[in-house]
Amino acid sequence: MQITTTFRHMEQSEALKSYAAEKLERVKKYIDEPITAQVFLTVEKIRHMAEVTLTAKGVTIKAAEETNDMYAAIDAVIDKIERQLRRYKERLKDHKPAADNRSLEVQKSVFTAESIDQQQEPVIVRSKTITIKPMSVEEAVMQMDLLHKDFLVFTDSATEVINVVYRRKDGNYGLIEPAPK
């Protein structure tokens, strides 16, 4: 397992680093290798925050917790990650996706609001290339939940068409799929 630990607004501590690595060993039973983990430990006044991002086998899982003690925050965030992985494993138990190596890369851009309002040429603030993997709608909803995102662009494995699944304000999910010609 590859672990990157980042300390924000606090001194680097080998004890905290090894404690987080030791706790992350528990997730190995849920996901096969290789696993990449990013741990962010932050202190703001009396709030101690721990944030973990795991990436393995095309699955990305994020969790964050804050308490008054850094060790308790690490414990809580690892428990949260374990719950998410357990739920993910149970959902995949019945569903066997077809071995699919088809993927598509798409570029995502963010524009400034001022450039849209003033009829100027749009200014790109941030641009990111993402890989869109073929998956079912259920897998897309699960991946969106694991990433704590409001929407996810994916290729439907059955129709091979790009779709968007999104979280509605009422808590349900919506699906945008292109109409056939």
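Colleague: Which residues have the most contacts inside the largest nonpolar core?

Modeller: Leu24, Leu41, Val52, Leu54, Ile74, Ile81 and Leu85, in a core of 30 residues. Mind that this is a predicted model: local features need pLDDT of at least 70 and side-chain atom pairs count only at pLDDT 80 or more, while totals for chains, interfaces and linings use all residues. Residues are numbered from 1 along each chain as its sequence is written, and side-chain values use heavy atoms, with hydrogens and water left out.

Colleague: What makes a set of residues a nonpolar core?

Modeller: They are buried Ala, Val, Leu, Ile, Met, Phe, Trp, Tyr and Cys residues joined through side-chain atoms within 4.5 Å. Buried means under 20% relative accessible area, exposed over 50%, partly exposed in between (1.4 Å probe, protein chains only). A second, separate core of 8 residues includes Ile132 and Leu152.

Colleague: Why do you say that the buried residues of α1 line one face of the helix?

Modeller: The buried ones are Leu16, Tyr19, Ala20, Lys23 and Leu24. Down the axis of α1 they fall within an arc of 130 degrees, so they line one face; the arc is that of the directions from the helix axis to the C-beta atoms. Glu14 and Glu22, on the other side of α1, are exposed.

Colleague: How do you know that β2 and β3 pair?

Modeller: Pairing takes at least two bridges found by DSSP; β2 and β3 have 10, in the antiparallel sense. Strands (E, at least two residues) and helices (H or I, at least four) are DSSP runs, numbered from the N terminus.
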